[in-house]
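Hello,

Here is the structure I promised to pass on. Please open it alongside this message; my notes follow below.

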Amino acid sequence: MEKHSAGDTAAGMKIISIVIQKGGSGKTTTTLNLAAALRDQGKRVMLIDLDPQSNLTQSLGIGDEVEPNIYHALRQEAFEQAAVLEDLVQHCCGLDLVPSSIELAGVELELVSIYGREQILKQLLNRLPTPYDYVLIDCPPSMGMLTVNALVASDQFIMPLQAEFLPLKGVGSFMRHLEKIKKLMNPNISLLGFVLTKYDHRKTMNRNVLEKLKEAYGEDKIFPTFIRTNIALVNAQEKGMDIFTFDKHSNGAKDYGQLAQEFLAKFKGS
Ligand SMILES: Nc1ncnc2c1ncn2[C@@H]1O[C@H](COP(=O)(O)OP(=O)(O)OP(=O)(O)O)[C@@H](O)[C@H]1O
Ligand SMILES: [Mg+2]
């Protein structure tokens, strides 16, 4: 069976981390609704909840005590024998999710003495047969071992960002950290793009941060669709649904639908 290796430029499954260390930036909301939009385009998507808060798991209406979950797979892979990600998959709203739980919060300490602990998720994903077009990994709001595992396993990453001053500062420190990961563990990872979330063009701060982001990273690295503030996105998560299942006419559905088109355009021909 065909196997994937991160950094592979050949056609096939793409592994993408949704990442930024700043909390509340829209990582989980973007992971869920981008995946749902891709599902509606006929793409097969696997979601991995790599955050001990399990917000993605809960946003799909799945309880946060499902076992086994990603915590067990990481431990088994590190200490015992090869674990199988497909065995953990929960199906919801036409999406496949590897769930998380609060136990994941302790995994960093538990694995501290394991050689190659930054590569555990990559090993798990390398063994995944490839019926999936995309694997989207929802990262926790920190640059700890879990996020490093996600970045080591990924071909690309997406950074959701609120266009404000402090999150922008966080981007700089993330990029410096990423350079180290690139140099040591995954030279092929690249930024797919920034997604501006909770964007309001009437706010001067939002417009200024957008300009600064363009100057620093280039306009082509910013997805043209900005995700507007939209309460339906919050309500959908509360109900355990993606935005298209909850309200396909909402601004949230329009924005994430458009974002998915731009996302797919980046992979055309690859
Ligand atoms: N476009 C939006 N409009 C309104 N609310 C939003 C929007 N995007 C996200 N939210 C809400 O903002 C909060 C934070 O979003 P989300 O959980 O996606 O961020 P996160 O980066 O995953 O946070 P964390 O770092 O804690 O994991 C959530 O309550 C979510 O429902
Ligand atoms: Mg989150």
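Strand 1 (residues 14-18) and strand 6 (residues 156-162) run parallel and are joined by three bridges. Within strand 6, Ile158 is the residue opposite Ile18. Before going on, please note that this is a predicted model.

Strand 6 also pairs with strand 7, again in the parallel sense, over seven bridges. Ile158 turns up here too: in strand 7 it faces Gly193. So far as cover goes, six of the eight residues of strand 7 are buried, and the strand is mostly covered.

Now the other neighbour of strand 1. Strand 1 and strand 5 pair in the parallel sense, with five bridges. Ser17 stands opposite Ile137 of strand 5. Strand 5 pairs with strand 2 as well, parallel and over five bridges. There, Met46 is set opposite Val135 of strand 5.

How many residues of strand 5 are buried? Five of its five. In a regular strand, side chains alternate between the two faces of the sheet. Both faces of strand 5 are covered. Tyr134, Leu136 and Asp138 lie on one side, Val135 and Ile137 on the other, and all are buried.

Put together, seven strands make an open sheet with mixed pairing, in the order 3-4-2-5-1-6-7. Strand 3 and strand 7 (190-197) are the edge strands, each pairing on one side only. On average, neighbouring strands are turned by 25° against each other, direction ignored.

**The ligand shell**

Which residues come nearest to ligand 1? They are Gly23, Lys27, Thr28, Thr29 and Pro141, out of 19 residues around the ligand. By type, the shell holds four nonpolar, 12 polar and three charged residues. Helix 1 (27-40) and helix 9 (231-238) each give at least two residues to the shell around ligand 1.

**Helix packing**

Two packed helices are described by the angle between their axes and the distance between the axes. Helix 1 packs against helix 11 (residues 251-267) at an angle of about 70°, and their axes are 9 Å apart. An angle from 65 to 115 degrees counts as roughly perpendicular. Helix 1 and helix 11 are therefore roughly perpendicular to each other. The crossing of helix 1 past helix 11 is right-handed.

**Backbone points to check**

- Glu67 and Pro68 are joined by a cis peptide bond, with omega about -5°. Pro68 sits in the loop between helix 2 (55-59) and helix 3 (70-79).
- Ser54 has a phi near 50°, a positive value in a residue other than glycine. Ser54 belongs to the loop between strand 2 (45-49) and helix 2. Is Ser54 buried or exposed? Ser54 counts as buried, because 25 C-beta neighbours lie inside 10 Å.
- Cys93 also has a positive phi, near 50°, and is not a glycine. Cys93 lies in the loop between strand 3 (90-92) and strand 4 (95-98). Cys93 is partly exposed, because 17 other C-beta atoms lie within 10 Å.

**Two contacts across the sequence**

Ser142 lies in the loop between strand 5 (134-138) and helix 6 (145-153). Ser142 has 15 other C-beta atoms within 10 Å, so this residue is partly exposed. Ser142 and Val19 are 123 residues apart in sequence. In space, their C-alpha atoms are 9.0 Å apart.

Val152 is part of helix 6. With 23 C-beta neighbours inside 10 Å, Val152 counts as buried. The cut-off for buried is 20 or more. Val152 and Leu178 are 26 residues apart along the chain, and 9.8 Å separates their C-alpha atoms.

**Where to start**

I would begin with strand 5, where Val135 faces Met46 and Ile137 faces Ser17. Then turn to helix 1, which supplies residues to the ligand shell and packs against helix 11.

Best wishes

Key
Residues are numbered from 1 along each chain as its sequence is written. Chains are lettered from A and ligands numbered from 1 in the order in which they are written. This is a predicted model: local features need pLDDT of at least 70, side-chain atom pairs count only at pLDDT 80 or more; totals for chains, interfaces and linings use all residues. A residue is near a molecule or strand if its C-beta atom, placed from the backbone, lies within 6 Å of it. Helices (H or I, at least four residues) and strands (E, at least two) are DSSP runs, numbered from the N terminus. Ala, Val, Leu, Ile, Met, Phe, Trp, Tyr, Cys and Pro count as nonpolar, Asp, Glu, Lys and Arg as charged, and the others, Gly among them, as polar. A residue is buried if 20 or more other C-beta atoms lie within 10 Å of its own, exposed if 12 or fewer, and partly exposed in between; C-beta atoms are placed from the backbone. Two strands pair if DSSP finds at least two bridges between them. Axes are lines fitted to C-alpha atoms, for helices over the stretch in contact, and angles run from 0 to 180 degrees between N-to-C directions. Angles under 35 degrees count as roughly parallel, over 145 as roughly antiparallel, 65 to 115 as roughly perpendicular and the rest as oblique. A crossing is left-handed if the near helix is turned anticlockwise from the far one by less than a right angle, and right-handed if clockwise.
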